[in-house]
Amino acid sequence: MRTRTFSRNAKYALAATAALFAATASTSQTVPNSSAPQNDLNIPEQLTIFGQNDPNVRRATALVNGDIITGTDVGHRLALIIAANGGTVSEEEKQRLRLQVLRNLIDETLQIQEAEANEIVISPEEVNQTFNQVAQQNFRQDISAFDEYLRSKGSSAATLKRQIKGELAWNRLLRRNIQPFINVGEEEVNTIIERLKASKGTTEYRIGEIYMAATPETAEQIASNMRQILDQIRQGGSFVAYARQFSEASTAVTGGDLGWVRPAQLPQTLADAAEQMDVGQVVGPVQVPGGFSILYLIDERQILTADPRDALLSLKQLSIGFPAGTTEAQATARAAQFAEATQGIKGCGAANEVAASIGADVVDNDQVRLKDLPGPLQETLANLQIGQASPPFGSVADGVRVLILCGRDDPQSASDPSFDQIMSQLENERINKRAQTYLRDLRRDAIIEYN
């Protein structure tokens, strides 16, 4: 059984409620509620709301079981989200995000408190290791300059490290308190493997998800919030960054990545949406049991069928740059000369000689996976024969280049699914459901005061 020790805030709760009732009685209003749903709360048909509760005028600070969340904490976390999305967030969106950030910080505080109550310790070395990975992978920043970069954006290393600590602590708590009690039988896994084999050649999807829980009372507001997030992502915001900040699923720590799933593994509404999506598309909010989801179709493939885009290419790149001040017309003329010279190349063996004659730089790479290239280049290179060059591509700022296909190693037939991978996926799904219940209980037990 979980034992919690709270601060003196608990004994003030009823007194504060009574004071609020007395202070607002003179401004009360009666609201008819003929359409109120019937539930265990026994809400009357005619009810009185005492005073006004406008969350837009409340300062974004809170006391969570005695731990303070300051306006600075909210501001730094908000700035972190904006930085991860290129700084393109409207003032109206900032105000909406500020309230959502506060709710996330409250959940994060509850998770850290629960982990500490269960003697979960996250070392500074673990936090710093993940911090460095985020700097390089999510923000594409040099580690030595990352602290200064965050300060320049109005955030701080401390706020990112606190988020990382919360994620690591919560995941470790789930592994210790929930995972040991999750049972997935061998027969269940083998049944899924047989179904996969029977489904050979059908489509499966790699999906990213941002999930937010909602009750019938909060559904409209949650859906509205998710539409705002969707708009930001469609305008160029980072899906991964929004998933890390706002998703309430356990996959938030991986940027919302669900991995490869078949439609039958998804709730029907998500399966229907996925089957209608194109790779790279983001849709939502999609209603699912318990809340709403935003879906991002990362990729798709045929089950147990080799993907041609997994081919490894051996490429030779020839490129030219343009001096500062080059006009569009000058660049076009120079690019035309470059194109004429490179399209006549007869195999990679002649590429270096041609490059020297036109002053082009040469780069070799023997381990390029076709699917890792931009979409338009994938289609172009997939149709090239060995020794042929792609059409020129680039810009005045970045220069012009061509790719010459020197070799291609086509993928072998896809292997059968791993028993351990299937079992891990089933375990994660069940852990995720238990985690949502766990967090809901923490919210219910918490004493939270807003300033």
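Val64 stands opposite Asp67 of strand S4 (strands are DSSP runs of E of at least two residues, and helices are runs of H or I of at least four, both numbered from the N terminus). The model is predicted, so local features are reported only at pLDDT of at least 70 and side-chain atom pairs only at pLDDT 80 or more, whereas totals for chains, interfaces and linings use all residues. Residues are numbered from 1 along each chain as its sequence is written, and side-chain values use heavy atoms, with hydrogens and water left out.

Strand S3 (residues 62-64) runs antiparallel to S4, and three bridges join the two; strands are taken to pair if DSSP finds at least two bridges between them. The open sheet consists of three strands in the order S4-S3-S13, with antiparallel pairing. Strand S4 (67-69) and strand S13 (448-450) are the edge strands, each pairing on one side only. From one strand to the next the twist averages 20 degrees (axes are lines fitted to C-alpha atoms, and angles run from 0 to 180 degrees between N-to-C directions). Gly71 belongs to helix H2, and its C-alpha atom is separated by 5.4 Å from that of Thr61, 10 residues away along the chain. Gly71 is partly exposed, at 35% relative accessibility; buried denotes a relative accessible area under 20%, exposed over 50%, and partly exposed the range in between, with a 1.4 Å probe and protein chains only.

Salt bridges were considered next. The structure holds 14 of them, each defined as a side-chain nitrogen of Lys or Arg within 4 Å of a carboxyl oxygen of Asp or Glu. Side chains of opposite charge can pair when their charged atoms come close. One of the salt bridges joins Arg301 to Glu204, with the closest N and O atoms 2.6 Å apart. Arg301 lies in strand S8 (residues 291-302) and Glu204 in strand S5 (residues 203-213), so this pair ties together parts 97 residues apart in sequence. Glu204 is buried, with a relative accessible area of 9%, whereas Arg301 is partly exposed at 30%.

Strand S5 also contributes Arg206, whose side chain meets that of Asp257 in a salt bridge (2.5 Å, N to O). Since Asp257 lies in strand S6 (residues 257-261), the contact ties together parts that are 51 residues apart in sequence. Arg206 is partly exposed at 31% relative accessibility, and Asp257 is partly exposed with a relative accessible area of 22%.

A salt bridge within a helix is formed by Arg151 and Glu148 (3.0 Å, N to O). The two residues are three apart in helix H5 (residues 143-152) and are therefore separated by about one helical turn. An α-helix has 3.6 residues a turn, so residues three or four places apart point the same way. Glu148 is partly exposed, with a relative accessible area of 47%. Arg77, Glu108 and Arg162 are linked in a network of salt bridges.

Grid points are joined across faces, edges and corners, and a volume is the space filled by probe spheres set on the points.

The search finds one cavity of 30 Å³ or more. The largest cavity holds about 400 Å³ of space. It is lined by 23 residues, and those nearest its centre are Gln111, Glu167, Arg244, Ser247 and Ala252. Helix H3 (91-117), H6, H9 and helix H14 (419-445) each give two or more residues to this lining, and H6 provides the largest share, five residues. By class, the lining has seven nonpolar, 10 polar and six charged residues (Ala, Val, Leu, Ile, Met, Phe, Trp, Tyr, Cys and Pro count as nonpolar, Asp, Glu, Lys and Arg as charged, and the others, Gly among them, as polar).

The second largest pocket contains about 530 Å³ of space. Among its 26 lining residues, Asn138, Ser238, Phe239, Val240 and Ala241 are the closest to its centre. The largest share of this lining, five residues, comes from H9. The classes are 13 nonpolar, nine polar and four charged residues. Seven of the eight residues of H9 are buried, so this helix is largely enclosed by the rest of the structure.

Methods
1 Å grid on protein atoms, 1.4 Å probe; cavity = no way out; pocket = protein on both sides within 12 Å on 5 of 7 lines; lining within 4 Å.
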